[in-house]
Amino acid sequence: MFIGQSGVTYGYQNTLNNYKRNYKDTAHMGKLQFTILQVKPISADTYFVVGKWQLYRSVGNVDGHYTLLFRKIKGVWKIVADHSS
């Protein structure tokens with residue numbers, strides 16, 4: 001689940017399609033930098049992360065904050081919820 005400016009998107013493929021639509025070339029993709037502000041364990045297989053993102057690009061820089069919910073599924077850590085603004 002990805003929650004952003006346009007609302008909620010469910011599923012990996014739908015999220016990838018939105019990404020490709022919004023960042024159609026390298027001028028729009030730019031260089032992405034993350035700063036982790038806080039990591040909190042919720043349980044042995046679930047973590048909550050808060051951070052800041054910065055996107056540096058030729059068409060104008062943008063930035064914001066994010067919250068992530070990580071869950072260990074079948075031994076692999078996955079982001080199951082991403083709220084970026």
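**Exercise 1. Find how much space the largest pocket holds, and say what lines it.**

Step 1: Start with the space. The largest pocket holds about 1,300 Å³. This is a predicted model, where local features need pLDDT of at least 70, side-chain atom pairs count only at pLDDT 80 or more, and totals for chains, interfaces and linings use all residues. Residues are numbered from 1 along each chain as its sequence is written, and side-chain values use heavy atoms, with hydrogens and water left out.

Step 2: On a 1 Å grid over the protein atoms alone, a pocket is an open set of points where a 1.4 Å probe fits, with protein on both sides within 12 Å along at least five of seven lines; lining residues have an atom within 4 Å of a point. The volume is the space filled by probe spheres set on the points, which are joined across faces, edges and corners.

Step 3: Look at the lining. There are 34 lining residues, and Phe2, Tyr19, Tyr23, Asp82 and Ser84 lie nearest the centre of the pocket. Sort them by class and you get 19 nonpolar, twelve polar and three charged. Here Ala, Val, Leu, Ile, Met, Phe, Trp, Tyr, Cys and Pro count as nonpolar, Asp, Glu, Lys and Arg as charged, and the others, Gly among them, as polar.

Step 4: Which element gives the most to this lining? That's α1, with seven residues. Helices (H or I, at least four residues) and strands (E, at least two) are DSSP runs, numbered from the N terminus.

**Exercise 2. List the residues of the largest nonpolar core and trace them to their elements.**

Step 1: Five residues make up this core: Val49, Trp53, Leu55, Tyr66 and Leu68. A nonpolar core is a set of buried Ala, Val, Leu, Ile, Met, Phe, Trp, Tyr and Cys residues joined through side-chain atoms within 4.5 Å. Buried means under 20% relative accessible area, exposed over 50%, partly exposed in between (1.4 Å probe, protein chains only).

Step 2: β4 and β5 each give two or more residues to this core, and β4 has the largest share, three residues.
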